[in-house]
Structures are given as C-alpha cells and as structure tokens.
Amino acid sequence: MTIHATVEYATRPTVTTIDRTDYPLQDVDFPGIAICELNKISLSAAKKVAREIFENYDSVNDDVSLREILDMLKYLGHLYLFELNEGEENGVEFLHNLLTQRYESYAPRILNQLTPNCQSMLKRCSWAGKEQTCEDIFYPRKTADGYCCTFNYGRPSDDFGASSNDKDIVTIDGIERAIGVGLQAGLRISLYSNFTDYFYKTLPVLGFKVLIFSPLDFPDTSSGSLHEVIISPQTESSLTLEATSFYSVPEVQHHSVEIRDCLFKDELAVTFGGHYSYSDCIMYCRISDILSHCNCVPYFYPIPLDKEYVRTCNLKDLSCLKKYRNRWWRVIPRIENQMEPFNENFSTGPDGYLNCTGCLPACEDIVYGFSLSSAPLLLSEGDDTWGHGGCINSKQSTNHSIVNIFFQNPGTVRLKQDVIFYWWELMSNYGGICGFFLGVSLISVVELIYFFTMRLYKRKDEVTNGRKSSNFTLVKAVRPSLRPLYWEEMMQPYGKY
C-alpha cells in the first residue's frame, strides 16, 4: 500500500476539484466579443477598387470591361473559405497578374479595403449601463472568421511571437469585467446591415455572426472554447452568459509538464506573443502545417514572427489551400488510454489531420457558456426605445438588430487544480498505513533506530571488553540480612488504647 501511494503520487500528482460555486462575478473577466459581418466584401468598396484598377493599370486591354473586373473581385473572397470553383482558374490567374503588377503582396491591402468597416456596422453601443462611442470600445482585429469588430480582446498583438527586444511575458491590463448582473450591467449593441451592399457572403443567410471567446485566446473554433451565434436581421437577441474559471496552485508548477499535463501562461510565452493558451497553440499548429504545404499564411491568420520568412497567401495559392483545407480542420484529440489509436498513415496527405498532440491545456483558463433568446424587433412611429434612439425608425428596422450580452447570476463556478499530496500528507499516509497494520508509531521508529545503532554498538563493546579479560572473578551475590519479623510487631498493643 505504501508503494501504491508512492506510485500514485509520482504519476498522478494533481487533482481537480470544485473550489467554489459562488465565485464573485466581479473577479471574472468578461468574455471577448467579436461582431463579424457575414458579407465579407462591400459592394461599394469593390466598385471603387475595380474602377481604380480599370483606370490606372496599363495592362487592362479593351476586351476587359469594368463590370468584368468587378465580378472577378469576388475571387478574393475565396481566400476566406479556401475555395476555388471549377472554371474559375483562368479568371483567378488573370486577376492575380493584374494585382501583382502594382502590389507585391496585394491580399492584405486589397482585402482591408473591401472589408465592411465597423462604423457602418455598429450604430449604438452601451457598456455597464453607460452609453459608449462604438469606435472607443470596438476595434477591428484578426479572427478565424476574418477581420471582425472586437470588444474586450486582451491580446496586445494579432501575431504570434515577439522580437528580441520584447519581454518574454506580457502583462495584459485593461480587460473589462462585469460590474453586476442583468441587461443594464452588460454589453448592448445596435447593429445595422446594408443588404444592398452585399457582394460576397460566407454563409447563405443575412445578418451577423457573434463570437464569444476568452479575452486572451485567438478566436478560433477548433480549440472548443469559442461559441458562434448567428444574429438575424430585425431581431433583438439576448445572450445570457455563464463562466467556469480554472486555476492551479503554484505547487503544481514544480512538477514536470509531462506529469501535470498543462502549461502555465508564462511557459512558451515567447512563441505565443507573451501569453500561452490552448487555442493559440492549435492555431499555431495549423499555421505551421499551412506553411509546410503551401508556403504561405492566410492574411487574417496570426503571423508567426519566429519563422524566417512568411508570405501572405494570394490568389495563386487557392488551389493549394483548397487541396488541404479539410486536413486543417481535423485535429487529433488528446484522448488518454484510447482503445483504438489513430491510423498513422492517415496523418499525411490532403485527407489527413493535424497532429497537434503537443498542445496542452492551459493551467489557468476560463470557459464561457451562454443561452440564447430572441424576439422580433418591432418599432412603430414615435417609439422611443433604446433601439430607436435616433438611429432606428420603423422604416429602417428591417436592417437592424439589437444584441444584449450579460451575466444572469452573481456567482460563477471556480475549479482548482492542486497537488494530490503535499510532502507532509504523504508522510502522514505512510504513518497511518504502517500504524494500522504493524502498530508502528513515531516512538517505535525512534526505538528501532536506537536498537539497531546505539544499542548494537554498546552490546558489541561489552562483548569485546569481556573477551579481553584473562581472569574472571566470580562475585557471589550476598543476600542481604533480614531482621526477623514477629507477630507482635504487626499488631498494636492494647495497652495504648
């Protein structure tokens, strides 16, 4: 039993328990929120870019019209989905040659011009019960769904890695936390979608996509911690949040990474831009695989700064991106003691999967959940609701949506990873096992030590001294003399009474 306890302590030194179920909401980070337009290319911006190409480039001959150039700009939208339809190869190659004449790396420049901006999408914002200018709290940032308008995104950079002058660990400040529960203490957004400006949609629906993620993670669905919600036009939606936070005590870090099976935020900090997360590791694994197969990185993915040379993917790379795209969305899960291991031959080729088993969970993390409820947004003439507020009227309500994101409960669940035994607890277990079976106590241990050390030495010394004596003097034990005891002495004489 002592051996079993020792092996358990050495191989499984940590245990996860529920620390609290009422952890204060004010001590938990509000999630990062990204508002993504399903329309990835603005029609008005595409017309402007097409006219600029048509008027300023000498290579455009008389056989190519302005309308044809405008239609070909849709091919740039394929860079979001890694898509290339049959029969589009010639048009894609022509547009690629057209754009490379002036821009060496045209994908980031042109796509940034074509992406709908946050000003046209966000009409009114409120945070923690106070009206806010949307441009002051929402910023365009990279996500796995392209550039989106993000709120409470704590990563200091959109790229992975750090220069030699940067610190290994980045201290991230300014992450928002909820001040209370309910709609008035959360985030409220009024969204506007110009349907006539749609030019390239990633989904066959109208509206927006809302991403809910940890503020320190790159918003990517493959990590399992990001949630997506489609917001339809002319609706008011409420996303009620809940959070489960997880932390590890400092003693866990004393064990090796292989044993504790998680990474702290300061480990591999340089590779991931100052803060490690499981989501970033999966994304870094995918980017490395894209680089190895297509020698480029999609323009809305983080750029790994630790690589020698990184090129942004362009239209010429669409055939390669399409070939391997299924592979990049399949990730080996970390399944312990799985009965049927993955076929190693399946890990290579376009139909393979990503081998990201080196990505470990974070030792400190927050996982968010939500429940969604929505209702039609009906505004009449003279309606003075928050949604109206001077930016929505009854004629425009079909293009608007309202999103409310807030916590409902003041307490959250908090999990703790602790070592299963501290050294004094392990010693106590040893003592308890030995005491139960053998009657051993601490005094018994001291006596055993004395008996097998000092006692043996003393006994040996006595025997040695006895052998050296040539003559043995037998001393007869003299019995001490005893005085006779008489019966009268045991009784008190009657004469004294």
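Val445 sits in helix α13, which spans residues 442-468; helices here are DSSP runs of H or I with at least four residues, strands are runs of E with at least two, and both are numbered from the N terminus. The model is a predicted one, where local features need pLDDT of at least 70 and side-chain atom pairs count only at pLDDT 80 or more, while totals for chains, interfaces and linings use all residues. Residues are numbered from 1 along each chain as its sequence is written, and side-chain values use heavy atoms, with hydrogens and water left out.

First, the overall picture. The protein chain holds 14 helices and 15 strands. Of its 497 residues, 43% are buried, meaning under 20% relative accessible area, with exposed set at over 50% and partly exposed in between (1.4 Å probe, protein chains only). Among contacts with a separation of 6 or more, 75% come from residues 24 or more positions apart; a contact here is heavy atoms within 4.5 Å.

Together with Leu442, Val446 and Ile449, Val445 makes up a nonpolar surface patch with about 390 Å² of accessible area in total. Patch members have over 30% relative accessible area and no salt bridge; like charges are joined within 9 Å, and nonpolar side chains (Val, Leu, Ile, Met, Phe, Trp, Tyr) within 5 Å.

Now for the charged pairs. With a salt bridge taken as a side-chain nitrogen of Lys or Arg within 4 Å of a carboxyl oxygen of Asp or Glu, the count lands at 18. One of these joins Glu236 and Arg188, at 3.0 Å from N to O. The two come from distant parts of the chain, 48 residues apart: Glu236 belongs to strand β12 (residues 235-248) and Arg188 to strand β8 (residues 187-192). Glu236 is partly exposed at 24% relative accessible area, whereas Arg188 is buried at 16%.

Another salt bridge pairs Arg286 with Asp220, with 3.3 Å between the closest N and O atoms. This pair, too, links distant parts of the chain: Arg286 is in helix α10 (residues 278-294), and Asp220 is 66 residues away in the loop between β10 (208-213) and β11 (227-231). Arg286 is buried, at a relative accessible area of 1%, and Asp220 is buried with a value of 1%. Asp418 and Lys416 also form a salt bridge, their closest N and O atoms being 4.0 Å apart. Asp418 counts as buried at 14% relative accessibility. Shared partners tie Lys40, Asp145, Lys209 and Glu228 into one salt-bridge network.

That leaves the second largest pocket, with a volume of about 360 Å³. Its lining has 19 residues, and Tyr80, Leu81, Ala144, Asp145 and Trp329 are the closest to its centre. Both α4 (78-81) and β10 supply at least two lining residues each. On a 1 Å grid over the protein atoms alone, a pocket is an open set of points where a 1.4 Å probe fits, with protein on both sides within 12 Å along at least five of seven lines; lining residues have an atom within 4 Å of a point. Grid points are joined across faces, edges and corners, and the volume is the space filled by probe spheres set on them.

Technical notes: Areas by Shrake-Rupley, 256 points an atom, 1.4 Å probe, with all protein chains shown as cover.
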